[in-house]
Amino acid sequence: MGGVIGKEASPSHDAPESKLEAKIVETMKRRASEGSAMRSFNSLILKFPKIDESLRNCKTIFEQFDEDSNGSIDQEELKRCFHKLEVSFSDDEIRDLFEACDINENMGMKFNEFIVLLCLVYLLREPAGLHAKSRMGLQNLEATFEILVDAFVFLDKNKDGYVSKTEMIQAINESTVGGRSSGRIAMKRFEEMDWDKNGTVTFKEFLFAFTRWVGIDDIEDE
């Protein structure tokens, strides 16, 4: 699953590879400017079981829109899904989202990829008035997505829309006392997120890593 975000991205991340990525970065920068309610990385870890349960409950939604029951959602099924959820994206925007989240490039979106896509939709559809009741008519799931957005904002210390290795180490050090031990934990977590090995982590990379941390990938084998 390597090379998820950009084939030629650089640590300076001055030029996101697509309009979609640029929009995600700008939205995260705006959110970061508002601050995070999260106080430590440990507080996120404590939420793992609840987040895991909420995301797994999304399986029903996935199966509803996997109309041919082949274990994946294609672009046409995704368009109908967006219509049902009253998500008003253009065909080009839907295609860009689909291609960004179809990390295996097999033209079929698996369950973990679908979760990441819905979270990106939640982020990009965010209304001007923060904390509106619902953006997609999925209030419980959206509350979980808000935790994930807030977690990324917590990690993004310099508010540039990306998470660097230094920021990850700082976040872990704020949560633990242990010098080398906490440094190793931070490096391991960062490596799990930085799929394209360019030294920075986007929100999409963070989401894919998070689905693995809570065991969502395991659902594919159930």
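Tutor: Let us begin with a term: a residue is called buried when its relative accessible area is under 20%. Please also keep in mind that the model is predicted.

Student: How many of the 17 residues of helix 8 are buried, and what follows for the helix?

Tutor: Helix 8 runs over residues 139-155. Its first and last C-alpha atoms are 25 Å apart, close to the expected 24 Å. The helix is largely enclosed by the rest of the structure, because the number of its 17 residues that are buried is 13.

Student: What is the volume of the largest cavity?

Tutor: A search of the whole structure for cavities of 30 Å³ or more finds one. The space in the largest cavity amounts to about 40 Å³.

Student: Which elements give two or more residues to the lining of the largest cavity?

Tutor: The lining includes Ile 115, Phe 145 and Phe 210. By class, eight lining residues are nonpolar, one is polar and none is charged. The elements that supply two or more lining residues are helix 7 (111-124), helix 8 (139-155) and helix 11 (203-213).

Student: Which residues touch the most other members of the largest nonpolar core?

Tutor: Nonpolar side chains tend to be buried together in soluble globular proteins. Here the largest nonpolar core has 68 residues, and those touching the most other members are Phe 82, Phe 114, Phe 203 and Phe 206. As to where the core members come from, the largest share, twelve residues, belongs to helix 7.

Student: Which residues does Phe 82 touch, not counting residues up to four places away in sequence?

Tutor: Phe 82 is one of the residues that touch the most other core members. Leaving out residues up to four places away in sequence, the contacts of Phe 82 are Val 87, Phe 89, Ile 94, Leu 97, Leu 117 and Val 121.

Student: Is Lys 159 buried, partly exposed or exposed?

Tutor: Lys 159 lies in the loop between helix 8 and strand 1 (163-164). Its phi is near 60°, a positive value in a residue other than glycine. Since the relative accessibility of Lys 159 is 41%, the residue counts as partly exposed.

Student: Is Lys 197 buried or exposed?

Tutor: Lys 197 is found in the loop between helix 10 (180-193) and strand 2 (200-201). Phi of Lys 197 is also positive, near 55°. Most residues other than glycine have a negative phi. With a relative accessible area of 57%, Lys 197 is exposed.

Technical notes:
Residues numbered from 1 in each chain as written. Predicted model: local features only at pLDDT ≥ 70, side-chain atom pairs only at ≥ 80, totals over all residues. Heavy atoms only, no water. 1 Å grid on protein atoms, 1.4 Å probe; cavity = no way out; pocket = protein on both sides within 12 Å on 5 of 7 lines; lining within 4 Å. Points joined across faces, edges and corners; volume = space filled by probe spheres on them. Helix = DSSP H or I, 4+ residues; strand = E, 2+ residues; numbered from the N terminus. Nonpolar A, V, L, I, M, F, W, Y, C, P; charged D, E, K, R; others polar. Expected span 1.5 Å × (residues − 1). Buried < 20%, exposed > 50% of the residue type's maximum accessible area, 1.4 Å probe, protein only. Core = buried A, V, L, I, M, F, W, Y, C linked by side-chain atoms within 4.5 Å. Contact = heavy atoms within 4.5 Å.
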